[in-house]
Amino acid sequence: MKDAEGLPASSPGRPPTPTDQKRRSFPWGWLLVPLLLGGVGYVGYRLGQDDASSAASAGGGFAQGSGGGGASRQGQGASGQGAGALGTGTSGQAGVGRAAGGQGSAAAGTPGAATGTSSSRGAGQGRAAGSTGGGTGVVTPVQATTVQAGTLRTERRLTGTVASSQAVTVSARTSGTVTSIAVDVGGQVNAGQTVISLSNSDLNTSVESARNALETAQVQLRTQTNTVQSQRAQLQQQVNAAQTTLSNAQQNLDALQRLAAIGAASRVEVNNQVAQVEAARTTLTTAQANLAENTRAQTEGLAEARLAVQRAQITLNQAQQAAAAVRVTAPFTGQVTALNVSEGQYLPANSEAFSLVSSQRQVAVNVPATEASSLPVGAALTFVVGGQKYPLKVSQNAGAPVNGSVPLVARLVETTPPALGTVGSVVYNAKVATGVLVPSTALQVDGDQTYVFTIEDGKAQQQEVTVLGQAGTQSAVSGIEAGAEVISQPPTGLLDGASVTTASGGGQRNGQGRPGAGGPPPGGAP
């Protein structure tokens, strides 16, 4: 008997001879069938890539079990796993599933290659997980929030240090020998209280001399005033008498002229009376000139005398002030922090005598330049040291930034403030920005672009925004409208226009059921 190739069959029970083995042809069928099935599976894989759902569910164009091959070469009827069947759906959908495995039976004792054929109706064929009817793509579940406009604020805590509101080194205004020191270092003094007393005999002499000069000037002024006033009275009387004489002479002249007109008086009498009138007028003019001179003397002479008194008074005041300068006093209420002299020591004028700090405490702090305008003078702050809180009031705000921050001074309101040099936290409520408030986790950055995803008609829409400020878990932005639905935590790889759904049911839904429901692809089974 001959086989299909015309070669004599081997006798049963006899091993094949070398000649038989040479003449036997190579089993090409065993090699070509897996290659063919693998190529068909790869084509299905490439077709499935055209649909966005294939990336989530297909996992490749090959079904499980592509490693199967031929049937058993033994003489037993074994079923071989066929290569993965290609199930193509409509609209470019992959629709690849695990084939049940085509059964290929090998004839017992037949050395020929038994090929396993896969059915295109392999069990378990279905669409990619999460795909919708008609191949619309993946629907991604997201978390979203409706954003509103508002002012973003935050509690700011900055480091502040307690300092004195005033600190000064007091100098002696005059020279002298220290006769007493009223307060020791660390002692409290009130404004105007004498701390150091000096002795200077020259100053006392100057005061006495100035006082004497003032008294002399005052006496001269009184004397001159009395003299001028007495002379003025006399001169006024002379003027009055001259006016009376002139008036009488004029009346007599008028009477003689009337008598002369009727021949009752001679021309000589009339002329004599005219001479008397002229003499009375001259006397009046002289008296008036003397009175005017007296008035001028009173205006100028007495003014000079008064000026001399004023100068003497100023000299006395200066001498008294210089004498009073032997008392070195505190300019404000506070604590003496240093004494630069001792009793019996000579202290030159303008030399440092003691140092003083104010009892009023303040806190110095540097605030961000963007927040300085929201903390005007009088604004309330809180100073926290450990568990103790102290109210503050802003007393100085320079407004101009120094090295990026604005130095601010706040006054401690408490009557028992913390000690000088105490370091604590200055707490205040700061305005960060005004805009649309979004979760900071919603912000996405790509190069120099910042954007968020909003949901419109079930689609993720990428919108560029400008960040105005951030505080805690929120950010204030511009570029989107209040009331927009913003994805608070965009999934990695979310694309503009992708279908999304929210836990509240927003976003796109599958028209045939829940999102991502499986099922046979359109046209998947004949």
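The model is predicted, so to speak of local features I need pLDDT of at least 70, and side-chain atom pairs count only at pLDDT 80 or more, while totals for chains, interfaces and linings use all residues. Residues are numbered from 1 along each chain as its sequence is written, and side-chain values use heavy atoms, with hydrogens and water left out.

Confidence comes first. pLDDT is the predictor's confidence in each residue, from 0 to 100. The chain has a mean pLDDT of 74, with 71% of its residues at 70 or more. Residues 18-22 have pLDDT below 50, and this stretch has three contacts in the model beyond near neighbours in sequence. Contact means heavy atoms within 4.5 Å. Residues 51-136 are also below 50, with 154 contacts beyond near neighbours in sequence. Where pLDDT is low, the predicted coordinates should not be read in detail.

Now the helices. Helices (DSSP H or I, at least four residues) and strands (E, at least two) are numbered from the N terminus. Helix α4, residues 201-261, has 61 residues. From first C-alpha to last, α4 reaches 90 Å, close to the 90 Å expected at 1.5 Å a residue; that expected span is 1.5 Å times one less than the number of residues. After α4 comes G263, with a positive phi near 85°.

How do α4 and α5 cross? The axes of α4 and α5 (residues 267-324) come within 7 Å and cross at roughly 165°. Axes are lines fitted to C-alpha atoms, for helices over the stretch in contact, with angles from 0 to 180 degrees between N-to-C directions. That makes α4 roughly antiparallel to α5 (over 145 degrees).

Last, Q188 lies in strand β6, residues 188-189. Q188 and Q335 are 147 residues apart in sequence, yet 4.5 Å apart in space, C-alpha to C-alpha.

How values were computed: Parallel < 35°, antiparallel > 145°, perpendicular 65-115°, else oblique.
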